[in-house]
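Here is a short briefing on one protein chain. Keep the structure open beside the text as you read.

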Amino acid sequence: MKERNARDPTFLNSKAREPIPQLIGFVVLLFSSLIATTKATAPVPFLFSSSSPKPAPLPILPLPSAAQLSWQLGEMALFLHFGTNTFTDSEWGTGHADPSIFNPTKLDARQWVQVAKSAGFSRVILTTKHHDGFCLWPSAYTDYSVRSASWKNGAGNVLADLADAAREAGIGLGVYLSPWDRHEACYGRTNEYNEFYMAQMSELLTGYGEIKEVWLDGAKGEGEKDMEYFFDSWFALIHQLQPGAVIFSDAGPDTRWIGDEAGVAGSTCWSLFNRSSAKIGDTDPQYSRGGDPYGHDWVPAECDVSIRPGWFWHTSERPKSALTLLDIYYKSVGRNCLFLLNVPPNSSGLISDEDIQVLEEFAKIRQTIFSHNLAKNAVLTASSKRGGIDESQFDPLHVLEEGIFTYWAPEEYQSDWSINLDFGVSLSFNVLQVQEPIHKGQRIIEFHLDIHTEDGEWKTVISGTTVGYQRLLRFVTVKSQYLRIVIDKSRADPLISYLGIYLDPFSIGNDASGTSSPSNFNSTEVIRLTSSNHSLNANFNSTEVIRLTSSNHSLSANFNSTEVIRLTSSNHSLSAKM
Ligand code: FUL
């Protein structure tokens, strides 16, 4: 069969390919019933044998590599910004700080790893060298490193400690090696510095066991020395030395920067991308946020953000709240991306207690919401099933099995694609989770969720664009016994590997009476309000999200700086404008 061309406009529109396949289906049906009636006298040995399984559908290009798949399944990584900046209260060190100031007397990489692991992070990524050039391992190519630090009289090696701890705990290890180096004298001399950088990279990738991710960027201050980075040579070296590692940069090759440092992906977010349309150090945020439905390369996005205002630890800064992290989780992991949360160790060499507390709360909140999938006890039926009723491989029941490798597939050449759920009783919920088996490509373009109302009508609760590895959509709490997920547009037959229906108790509408707050939304996105006993009215025209938290009748709001929000908290009334 020919590869399907995603640029063919009729291919994007499910309605464009109905009549002929339906006719074929009818003829096949007629033919098979004729055979059934003549079966006793004229057996058909192989044509309709029920014992041979229907092969899986063809994948649709581009597809992820094994390393990209394992990266995506990890969902969350912990970034560790640590170095001389931790001791000089700076973000971009000059490169001239005295290396002896590096003295984290209580440094315990096992604590970092335990914090990461118990909060659900699958890998840790260390700034082995930030822009100031100070190296957290004893590089042979510079003395601006732990070798010149007071810490352990110059005998320490942060990367080695972290590698051991990560290996023991069974979580992945990644390294950030900043291309921009404000200390190294050869920076600016192109050939020399590229050799130097590759020599340092080789040290990192050969001395510390398996490295799962290499992180680099094009960040550089105004007016700094100009030079060319030989990215293609770097990438080849990294893949040669660590074939299982993904390389992160603004343009991939394996995972791309989402284009902001707030951890937020676009509400449409393709893993499809054209590497050649992106430039390291000169990102087009729009292109990165959304990816490219016509992209030829598989380059899913990573959403980086710091738990604190700065990337490095500063005594004056405090961590974000667990609810803010939850909001970012919905907008990163819930939008087909990896959530890279920076939690900087402090100057004693430990992750601060207040950060740990937030991470523990964040883990508990996720556990509360996502450990109870209401769909688990539902009766599931699908609009059709690949291979017909006797084929169990593509049964809709697979959407309740954790993971992406088993899935529901519809019969070929259908015009309607949906999965229906019957809870048996009426239940309240406000979160939809959908996952695609991305090893077969990213397919779904548009989808929506309907509930069956008391007057017997189907009513759309929420609609969305793109699914990919995982889509989480929040909406005002609704109550229903019957619901259906409908796929409206897809690049190829849609496949669904997981469906979740949850009640997020931190969301709008879960007031004491259990009734939904009146609201009007023009958005396909989420509004989440937490209120105890009060009525809430909200009108939003935005595709973005706001979060309002009301407890003890006091209100606080967290939102992106590009959005405007007005809140009135007096006499328990509230209005918001975006
Ligand atoms: C940027 C850097 O300039 C910041 O200091 C930080 O490391 C962030 C993750 O990447 O490019």
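Which residue lies over the face of F394? It is R386, at 5.6 Å from the ring centre. Keep in mind that this is a predicted model.

**The whole chain**
- The chain has 578 residues, and 55% of them count as buried.
- It contains eleven helices and 21 strands.
- Take the contacts between residues at least 6 apart in sequence: 72% of them join residues at least 24 apart.
- The accessible surface is about 24,500 Å². Carbon and sulfur atoms hold 52% of that surface.

**The barrel**
- Eight strands form a closed barrel with parallel pairing, in the order β1-β2-β3-β4-β5-β6-β9-β10.
- On average, neighbouring strands of this sheet are turned by 25° against each other, direction ignored.
- Strand β1 covers residues 76-80, and strand β2 covers residues 123-129. Four bridges join these two strands in the parallel sense.
- L80 stands opposite L126 in β2.
- Helix α7, residues 190-206, lies across β2, β3 and β4. Its direction makes an angle of about 165° with β3.

**A stacked ring pair**
- A pair of aromatic rings is described by the distance of the centres and the angle of the planes.
- The structure holds 31 aromatic pairs.
- One of them is W215 with F248, a stacked pair.
- W215 sits in strand β4 and F248 in strand β5, so the pair ties together parts that are 33 residues apart in sequence.
- Both W215 and F248 are buried.

**A tilted ring pair**
- F394 and Y407 have ring centres 5.9 Å apart and planes at 40°, so this pair is tilted.
- F394 and Y407 both lie in the loop between β11 and β12, 13 residues apart.
- Are these two residues buried or exposed? F394 is buried, because its relative accessible area is 1%, under the 20% cut-off. Y407 counts as buried too, at 6% relative accessibility.

**A ring cluster and another arginine**
- Ring pairs link Y187, Y193, F196, Y197, Y229, F231, W234 and F235 into a cluster.
- R366 lies over the face of F362, at 4.4 Å from the ring centre.

Definitions and conventions
Residues numbered from 1 in each chain as written. Predicted model: local features only at pLDDT ≥ 70, side-chain atom pairs only at ≥ 80, totals over all residues. Heavy atoms only, no water. Buried < 20%, exposed > 50% of the residue type's maximum accessible area, 1.4 Å probe, protein only. Contact = heavy atoms within 4.5 Å. Areas by Shrake-Rupley, 256 points an atom, 1.4 Å probe, with all protein chains shown as cover. Pairing = 2+ DSSP bridges. Axes fitted to C-alpha atoms, helices over the stretch in contact; angles between N-to-C directions. Phe/Tyr/Trp six-rings, centres within 6.5 Å; stacked < 30°, edge-to-face > 60°. Lys NZ or Arg CZ within 6 Å of the ring centre and 35° of its normal.
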